[in-house]
Every structure is written in C-alpha cells, then in structure tokens.
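Let us take a walk through a protein model together. Have the sequence and the 3D view open, and follow along as we go from strand to strand.

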Number of protein chains: 4
Amino acid sequence: MNFRSDNEVGAHPSIIQAVSRAFSSGSAFSYGADDWTQRVERRLRELFDKPDLVAFPVVTGTAANSLALACCTPPWGAIFCHPSAHIAAEETGAPEFYTAGARLFRIDGAEGKIDPVKLAQALAQPVYGVPHFPQPAAVSVTQATECGTVYGPDEIVAIATSAHRHGLKLHMDGARFANAVAFVGCSPAELSWKAGVDVLSFGATKNGVMAAEAVVFFNAELARDFAYRSKRGGHLLSKMRLVSAQLDAYLTDGLWLDNARHANAMARRLVAGLTPLKGTQLMYPVDANEIFVVMPAHMHDALQDNGAKYHPWPSDRPGERAFRLVTAFDTDPADVDRFLSIAKSA
Amino acid sequence: MNFRSDNEVGAHPSIIQAVSRAFSSGSAFSYGADDWTQRVERRLRELFDKPDLVAFPVVTGTAANSLALACCTPPWGAIFCHPSAHIAAEETGAPEFYTAGARLFRIDGAEGKIDPVKLAQALAQPVYGVPHFPQPAAVSVTQATECGTVYGPDEIVAIATSAHRHGLKLHMDGARFANAVAFVGCSPAELSWKAGVDVLSFGATKNGVMAAEAVVFFNAELARDFAYRSKRGGHLLSKMRLVSAQLDAYLTDGLWLDNARHANAMARRLVAGLTPLKGTQLMYPVDANEIFVVMPAHMHDALQDNGAKYHPWPSDRPGERAFRLVTAFDTDPADVDRFLSIAKSA
Amino acid sequence: MNFRSDNEVGAHPSIIQAVSRAFSSGSAFSYGADDWTQRVERRLRELFDKPDLVAFPVVTGTAANSLALACCTPPWGAIFCHPSAHIAAEETGAPEFYTAGARLFRIDGAEGKIDPVKLAQALAQPVYGVPHFPQPAAVSVTQATECGTVYGPDEIVAIATSAHRHGLKLHMDGARFANAVAFVGCSPAELSWKAGVDVLSFGATKNGVMAAEAVVFFNAELARDFAYRSKRGGHLLSKMRLVSAQLDAYLTDGLWLDNARHANAMARRLVAGLTPLKGTQLMYPVDANEIFVVMPAHMHDALQDNGAKYHPWPSDRPGERAFRLVTAFDTDPADVDRFLSIAKSA
Amino acid sequence: MNFRSDNEVGAHPSIIQAVSRAFSSGSAFSYGADDWTQRVERRLRELFDKPDLVAFPVVTGTAANSLALACCTPPWGAIFCHPSAHIAAEETGAPEFYTAGARLFRIDGAEGKIDPVKLAQALAQPVYGVPHFPQPAAVSVTQATECGTVYGPDEIVAIATSAHRHGLKLHMDGARFANAVAFVGCSPAELSWKAGVDVLSFGATKNGVMAAEAVVFFNAELARDFAYRSKRGGHLLSKMRLVSAQLDAYLTDGLWLDNARHANAMARRLVAGLTPLKGTQLMYPVDANEIFVVMPAHMHDALQDNGAKYHPWPSDRPGERAFRLVTAFDTDPADVDRFLSIAKSA
C-alpha cells in the first residue's frame, strides 16, 4: 500500500528488457547517434502526427524543463507559470540556471491551472522592448497539474493564444502527460502542438520507466541550440541508448498509455471508495493519478497503523489534515481495496 | 575490430543484471535515499580506505567534472589544467557553466601531464586577494591522461603540494581512473587522497557500465553544497538506483579493476604487435587503454579495407598520419590478433 | 513643472564642485585606493554610528542591489520581496544575473510593504536543507517603498526578526533611504542596522547627485567577496574618485538629508493643495517624495496643456486615471504652486 | 614624475567643464534618452565615417569588453585572444560572467599581438557544429596591445579575414585606441571597421576623461540585445549624461586625438633619452604610451630616491629587472626631462 509517489516504483518489465538488450548487443554509436535514439524520434513523430518534430532524450524532468525553457527565453526573459508549477515551487533555481537568469512570474488560478484572464492581463503590460523589464518570453503549463487536474485542449488553446499573440512560446511540463492524455481521451497532438504547445517535456519516469524523459520540440527551429545546452549541462550521455532504449520500449505498442490508464483507473477506484466516507473531502478534482484529500484523524491513524504509505500535504484551512495519494503503473487493485477497507472500518 | 572508443561498447553482464534487479524489486526511496546509493558510498569508503568520504552518483563525466569543480572554486576563481584536459579542450563550457564563470588556465607539459614546474610558476604569481585577477582555486589533473599516459603517485604529490601550498583544491578527472590504478598497481587511495586529491570524478561509463560516474569527495566539507548544485543541474534522478545499481555492481568483487586490467592488457597486446612494424611510431607511452600511433598509409588502408575501426588523430608533424586506438573491457584478443595480422601483412 | 522623476533632475552645486575638484587635483590612486573613497567609508561609519561597517561606491542602484544580494545568497537561494520591489518588477534579471540564479519570491502587503505575517508563513515552510527547494537566503525591503510609503523602525524590526530567525539576511533597497530618514526623523542607524538591516543600498542618485550609490555592509563578513563580484560586473572604476567625490560631498554638512527634506516638503505641499480638490484621491499615504494620485480627466488635461510633466500610472479600478508625481532636491516651490493653481482652476 | 598609470591621472579641463555644465542645466531625459548620449552617437558616426553604427556609453573598460563580447558569442562559444589580453589575464571572469560561460582560448604571438598563422590553425579545427566543443564565436584584439605595441591596419585585416572566414566576430579592446590611431596616423575607420572590426571598446578613461568608454557596434544587428545586457549588468545609468557629457567633450575638436598624441610624444621622449643609457633595454617597441624597459639596479634606485613613480614588471630573464612607465595626456615634458636627467646621472 505505497501511495507515496509514482517515482518510488520500479520499472515495467518491457523497459527492463529493453535496457538489458540494448547493452547486451555490443557496440553502438555514442552521444545519441545510436539506433535507439533515432528510433525514439521516429516513434514520437508518428505518435504526435508531426513528421518534423525533433526530440532529445534526457534523464530527469528538471533537465527536460530547464533545457526546454532555455531554448525559449533569453537570459533577460520572463517565464509565466502557475505558483504550484514544479519549475517555480521546486527545482531549486534550475530554470534560472539553464536560462542564465530568466525571471519567473507566477499567474494564479484555481485547481493548479493558470487563469487565462490573469495571464492575458500580465502579458498586456507595456514592457515589450523596454530594457527595464524582463521580456515576456515563455509560458509554462503543467499537464497534469500539480493538483492532479488536467487542462482540456480548449484550456490549452486559450493560454497558447495569449502567449502567441505577444510572441511568447508555450512550454508544457508533461511529467504526467500520459495521465492527461488518458484522462482527456484525445490524441497526444490535440493536447500539445495542435493546441499551441511549442515544446513539451514528455515525461516517462513517473509512468513506469527507470529514468527517461524526452524534450519534444514541435518547432525544430527552437531546438537549434539544444545540443550545446545539453552538453554543457552534462546531459549528453555517451551511451545515450540507456535513455533511448527505455523510451523506445515506452513508445512501443502503447505501453505509455496503458501504464497511465492503469494509474488513472486506480486513482478513480480510490476516489470512488473514499469520497462516500464521512469526514473525507477532495481538495481538487481527481483527473489523473494524484489524489489530494482531507481525511479525519482516526482514519489516517488506522491507515498508518496498517502500513499504508502516503504523504501529508499542506492544507489552507486550520485544523484540517490533508494528504496526497499517488497511484502508479503497477498499483495493485488489491492494495487499493485493502486501503479502502481499512479507511471504511476506521 | 572496433577500437573507436570505450564509450561505444555495451555493458558488462553483471551491470545489466544489477540494473534489471534494481527495477524489478518494487518500490525504493527516491532521489538517492535508496539502498543502492547508500551501498555505493559504503563500498567507496572501503575501496578508498576513507570512512569519511562522501560520494554522489551522476550520469556523465561532464557532470561529474563540472559539479566537482563548482564545489572547489568561486565564480571568480581560476582552474589550472593541461591544454588537452577534457574540461579544457571539450565539454563546451560545462565547467564555466557550473562554476558560474570560473576561468581555465592551461599549463602545458609533456605526454598530457601538467609540468609541475610550470604549475608552480603560474601559482606563484602575485594575484591572491587582488580583485583584478581570477583567484587560483583548483587544479585539475586527468588520470589516465588524454594521451593515454598515467601519473604516478609521486607526480600527483608534486602537483598537489603546489596546489595546496596556495590553498587550491586538487580535482582528478578519473574518467579512466581504473585503468590508471591497473597500470600503477597501487591502491586507489595511493593514487588519490593519499597523494593529495581532494575530489575525484570516479569514472565507470568507459569501463563497462551503462552510464555512471561517482563524484568522490575525500573532504566532506567540500561537498556541502553538492546536492543543491546537482539538483539545479537536473542531475538528481528521482530513481537514482538506476545509476547506483550500476556502481554497486561495478564495485563488487573487483569488477571495476578486472575490466580495466583487461582493457590495458589488450592495449599492451596491440602495442607489442604494432611497434615492431616498419613505419609505425607511438606518439606517447601506452600506460592505459589508449594508443596514439603513427601508421603508414598502406597499413591504414589495409586495416580499413578489412573492417578495422578507429579514429584518425591530429599529428603535429606534416605529412604524418596518426590514429587513436582504444581498447575496452570486452575487447576480444582475437580481434587484436586479427588487427595485427592485417597490419603485418600490409 | 517637471514631476516626472527624481532621476531626471541635475545635481546639487556642491556635488558638481566636488567632482570638478577631484579631477583637477592631479593623480590619485586607482580602483578605489584614493582618498575620496576612503573618506566616504569614514563618513558612513560616523553617520551610521557603526565603526566597523564597510562600504563600496557604485554607479547605479541596480548594481548596488544586485551586488548586495549576491553577497547574501547562494545561486540556489531564495530572495523574498514585495511584488512592487524594483528588484522584482524591474531590473531585468539583474538579481538573477549577479546571484547566478537565485529565485525571487513575492510577499504581498498593503501600500508597498511586505506583510510580516505572510513573510513569516513563507519562511516557515519546511524547505531548509532540502535540495528540491530554493534555500531561503535573503529578504529585501524597499525604503521608501515603490508606493512612496516608509517603513517605520518597528516594521523593519518585525521583518528582520522573521528573516534572522531562519538565518536569512535583510537587504534594504534604499534608493530613497534619505527621504525615509527625513520622514521618520530617526537616525540612519535606527532605520537600518539597529532595526536589523544587514546590507543597505544607500541611494544618492535620486537625491541630487550625478550617479552614485553606496553598498553599505553593516556586517563586514558579508562583504568578503564584494570586490571580486564588483570587478567581474565591470563596476570597479579605475578612477573611482568620480563616484566617491560625489558621495563625499553628499555626506558633508548634512547635504544628503537637506536634499531629501526639501523633496519631501515639496511633496507634502503638493498633497496639501491637491487633496482638497474634487475628484482627486491619493492611492497611498505620501510619506516621502512620490505621490500616486487619481485626478479627474479635465484636471489632467488642463495640467498637460499648461506644461506640467508627470507619468500616468496603472490603476486597479477601471475607468479611473491615476498618475505619479515625483519631487526632487531642486523642486521649485513656485512650480508646485503653479501646478496647484492650474489644478484648482481646472 | 608619476609614470605609474594613465588611469591615475585627473581629467582634461574640457571634460570637467562638460560634466559641470551637463548637471547644472536642469532636467534631462533619463537612461540615455538625453541629448548628450544622442550627440555622442552622432559624433562617433562622423568620426568613424559610418552613419549606421550604434554606440553605448559605459563606465569601465571591463564593462565595455564584456558587454561587447556577450553580443558576439553564445554561452557555449569560444573567444580567441592573446594571453596578455586584459580580458584573459585580468578582468576576473568578467567575460565569462557576461557571456554566461564562453571559454577563452589564448593564441600566442610576439610583442603582445596574436600570431595570425596560429589563429588560422586554431580556427581550422573541425569543431564547428559539434556539441562537444566550444563554438568559435569571437576574436578579440587589444589596440594598443598590453605590450605597448600597435597593430597596423594590415595586421588587423589578416586577423579579421581568418575570423570572418569561419563566421566569428572581431572585437577590439580599444582601451588605448586613440594612442594607436595617433601612432599609425590613419583614420579611425581604417583601424577599425574598414579593417574588419565588428565591435570596438572605444576607450577614453585612460586618455584624459573621468570614467567613460563607448561600445561601438559597426554592425547594428550585433547590438540588438545590448540594452538588456547592459541593464541587467547595472550599467544603464539613470543620469547617463554623466558618461555621455564626457564622451561628447572628448570627441569635440579632436581632443581625443590630441590627448593621445601628447601621451605618445612623451613616451617617445622618454625612449629617446633612455635607450642610449648603458644597461637599459626595451622589451618591446614603444608604439603608444607604454614603455617596458630593463634598467640597471643603480639607475632604478636613483630614480626611486628622487621620487619617480612607476611599476616593476615581470621579466622572463632571471636576474634582470624590468619596469613599466606610462605617459598620459597631461604628462609634463619637464617631468620627463627630470626623469632622464636622474637616469643619466645614475
């Protein structure tokens, strides 16, 4: 009953097998000139129905986000994001580091989503071309959000339209992009470039791989300097097949989506069982695989006593105790049911 | 007959198995709080006979070097290294990036090694405490060097003494540290902290693993900010066991040294067969697993025609054609012999 | 009738004379080893009743703020300030640049002042020592604020106490520090180090000098690296006497305070005349020399037609037109009266 | 008899007068929108016979060089310069800071000048487009050099041709550009853009002004981001007229050239008197206003005893004592003669 995080779990057998094979097969060209890396790009082009996208494997989401943003903004640029965005609330200055000093501006909004009206207001400030002000350069949305909600295609379009009107690029932190696609039920294209996303951090690590993300540029021009930025960040692996073999398997036979669907289904199963219980209350709609929930003290105690693992979470209301539960590609329905049974009996 | 690079080869079966097991075993604490990462540090403490060292797994040598140096120098510091050092000749500004602007000064010397007299002269300049000058902060030596030679313990001591006299730290880029230890036949401690090394990039990638290096601080105080630097560089993997499991296996039962011994032996075998041949000439002594050799055109042509793979290398003498051959943990003696047989017949 | 900005006016005759003399007097040691620079530090030590402070002249407020903050925070640090703070709303990434990537967090509050309760909440987050989060390192207050209000000593103490409890440094952007002291009527010490300020950007440019600020460290240890940071920022003038001679004169015979008192008095005179007029409304209390005021359209038109100069200012309420008026060391009371007379007749 | 440095002297009366006037004249637009700044650009366009150049005043040579180079190179770029260049031997990481990490490569050559053959070899390396290597982006020449010699137009052309062939920009550190023009006797254009210089740090501080340099872009496209870079470096003075008024006077009635001619003439007068004396030896030809000379101990002692001031200088030959003498716009011929008379009598 480990619901602590989708980055504490292991990897899907297909991923493990792919890595094993990649390194048993002898020599391969180094620094991403190998077959796996080439194949990953081809698979992403097909998946996103975008034959001219370019993609780069990296080992962490922080690297993916920071490198992607560094391609979107000059050092004197401004990046707009939700206060809860990983790039703003965590990641310890990584975007500032990789962009050589771009400034973050937080745009608030309900349920972890940027309020498009507030964004439009912020972007309408008369700062363009005035050297006293950071120059608006990029908007970053998180999909699924840090509140476990998912932007629909129309919501992305609204933000993209604001951004593009002023010449900004739209970045999507898709650490849980697969869960978002699984929830919306549309194509990956509809939730990304067709909605106006310019560059996507396509997450995999949280969805059943070992350590692999892809930075996907829907506009190849944006990616022009990526290789230099990646190299000087120490992210150009000599044996890049380690990352690419994972992504290759992840993109094979819909594994990426199957994994996410399972995680989402387990989250729904949890919600279905929890919400009828007295004293529980969801903090946000559960669109993807994260559940933020208020539980009464006795229920929490009973769960803890019986070995359930999950994180406490800050709540705005005094006296209230909130928690985060995360499901994953390998969450066992039996674990969910056991969890619910304990909660019910508490 | 692929002698192009030790980073084009696959991984040792023990490494592959270790990674497979690590990810088949279910949940593990994230961000390096897992058992593998803890065990790697313990193993390194034993190997180096230094119970207070601290170590951090990273995925590339560039990251290892840059993060290590960033812990040794302020942004206005000066780093001294050989012109051929990877950090100076390649790595595309990574040290400058991670140190926030430290400046490289090249100290020449024969066979890829820093000339200790020239280093002492450079460090004797009256620049300390004067804000017009980059402040000498670190010396970086490469072991084995980029010329395939190896510093003996006394040579390291000479450099360390100069460095420490002026308050500088000594960094060792040990991308091929194992090959150096195998050559010298001393203990890892004698070739590192006992000789004055403060921080070591302990390489593994080129020696039979997938992608793993460890930054080893012999002085824990130096490592104080490492976690922040690593995080903002995007190098704190959530599933760190991917890197640590490799290093764990690498450090088990002497695999790291066995691999290097084999590679070195294969290099010696190549040298023994090549040097008697007319028109060949070694550019540097072959201490480790890299051979820089002048070969006559007809010999090179014959080798190429028969499928031998290796890189051309710049030569200082006009008209002369030089090449680099690299052996690896899995170099087949039969390949070496076939190579020599072709060269001989040419 | 130019009320556009206190940085559009000329310089006080004493300042002009001091600069002329400094450069007519022949040779002087370079890079701040000159007599003027030494004298400025002595004068500041007396003025602030702090014999161990250290001070450095710089040419702009942006340089003063950024260099001061860079001495307070590591690249992975967090700086807390009001959203209206110059360092957050303007200065185009200068703090991020000089700190090598520290992140700004905005703490809201009425009338341009940080709300100490919100600050305390932000600083109470469990992020200390956790590498995923920017490490709280500094709080920056603006004195007088960007709303023209002034923090009283107790208000500074409240913020300093929060900051110091968690090990943060308190920086004060004192671009209009003189106006604040003139308003409060206390000693410079009471409004700075005695209230907990660790480093002060002591402004002069807006108060009758040409281009001069001093970075005043009340804790010399904080200043340890200042000279290197300043040099690599291009702020170590070879003929530093240009800046120091201005500050020397500025600190002589209370010129700094006289200038500010005059500017404040002119602002009060404007307020006294404006506020009784129908349709006008102050946006904030006028503590220093900036007036943010709503005026009816016909009044604004009449003023413009008669040559009054001042900037429009964003207002939160739709339909309302707001403006900023700034007085200076040389504002002519006759100009104020003429302005009021036009406004009255409108 | 102060021959220590041309940055220890005062300022020419015309410069002092210009600054006094600029600040006595009341209001002026801030941040460089003032008349003086506009006029400086116009004067430079005329002086350089280049109606489309753009120019920016800054307060130090370090700022000029670093900002100019930052406009020429990406963070992963390589800058080539002579080992003695101020940007490489001093300036404490300023170029690395402003370029966000570009790497310096030293190209040796006699008498402080880049050897064009060595430069051509360095630029011919197959690193272009390869992410492992810093990308060659700029060459920087110092005019007059740090050895007091001057590149002739043809020598600049040779370097520029190499640079431009590979797409690099040519920067000239013209801290003593005026002395170089005075020596060569050609037009400023012939020694800059007509010879291939793309951006010039046009020095004035060492030639009789207080603190002023201009960054002159002969290609306006290169200057596109200058204002942002300058602002975030803290170099956009609100009362920019302080710098511009100096440059305005400096460029009026040939003051810039007259000052340099005088300094050069005084250097020649020193050389003419010194070189016949036994035991003296010039280290380099004296083209501009710096003299590097070996003098016997008794001569040096006699000069010191009689109050002559100048710096010792490192010499390559053991046992030899070398010194640097610098003349300036206001060097008194009587001082020169007195110096020579003491030397002669020694």
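We begin in chain C, where Gly203(C) has Glu213(C) of strand 7 as its bridge partner. Before going further, note that this is a predicted model, in which local features need pLDDT of at least 70 and side-chain atom pairs count only at pLDDT 80 or more, while totals for chains, interfaces and linings use all residues. Residues are numbered from 1 along each chain as its sequence is written, chains are lettered from A and ligands numbered from 1 in the order in which they are written, and side-chain values use heavy atoms, leaving out hydrogens and water.

Strand 6 (residues 199-203) of chain C is joined to strand 7 of that chain by five bridges, and the two run antiparallel. Helices (H or I, at least four residues) and strands (E, at least two) are DSSP runs, numbered from the N terminus, and two strands pair if DSSP finds at least two bridges between them. Strand 1 (residues 54-58) of chain C is also antiparallel to strand 7 of chain C, again with five bridges. Here Val58(C) stands opposite Glu213(C).

Is strand 7 of chain C mostly covered or uncovered? Mostly covered: five of its five residues, 213-217, are buried. Buried means under 20% relative accessible area, exposed over 50%, and partly exposed in between (1.4 Å probe, protein chains only). In a regular strand the side chains alternate between the two faces of the sheet. On one side of strand 7 of chain C we find Glu213(C), Val215(C) and Phe217(C), on the other Ala214(C) and Val216(C), and all are buried.

Now move to chain D. Asn207(D) sits in the loop between strand 6 (199-203) and strand 7 (213-217) of chain D. With a relative accessible area of 4%, Asn207(D) is buried. Its side chain reaches the backbone oxygen of Trp256(D) at 2.9 Å, and a polar atom of that side chain lies 3.3 Å from the backbone nitrogen of Ala260(D). A polar contact is a pair of N or O atoms within 3.5 Å; within protein, one must be able to donate a hydrogen and the other to accept it, and residues adjacent in sequence count only if both atoms are side-chain atoms. Not counting residues up to four places away in sequence, Asn207(D) touches several residues, including Ala178(D), Tyr250(D) and Phe329(D); contact means heavy atoms within 4.5 Å.

In helix 8 (residues 177-184) of chain A, the buried residues are Phe177(A), Ala178(A), Asn179(A), Ala180(A) and Val181(A). They pack against strand 5 (169-174), strand 6 (199-203), helix 10 (241-250) and helix 11 (255-274) of chain A. After helix 8 of chain A comes Gly185(A), with a positive phi near 80°.

Chain A also has an open sheet of four strands, in the order 8-9-11-10, with antiparallel pairing. Its edge strands, each pairing on one side only, are strand 8 (281-282) and strand 10 (311-313) of chain A. Three bridges join strand 10 of chain A to strand 11 (residues 322-326) of chain A, where Trp313(A) stands opposite Ala322(A).

Finally, how do chains A and C relate? A rotation of 180° with 0.0 Å of shift along its axis superposes chain C on chain A (RMSD 0.0 Å), by least squares on the C-alpha atoms of residues with pLDDT of at least 70 in both. That is the relation of a two-fold axis.
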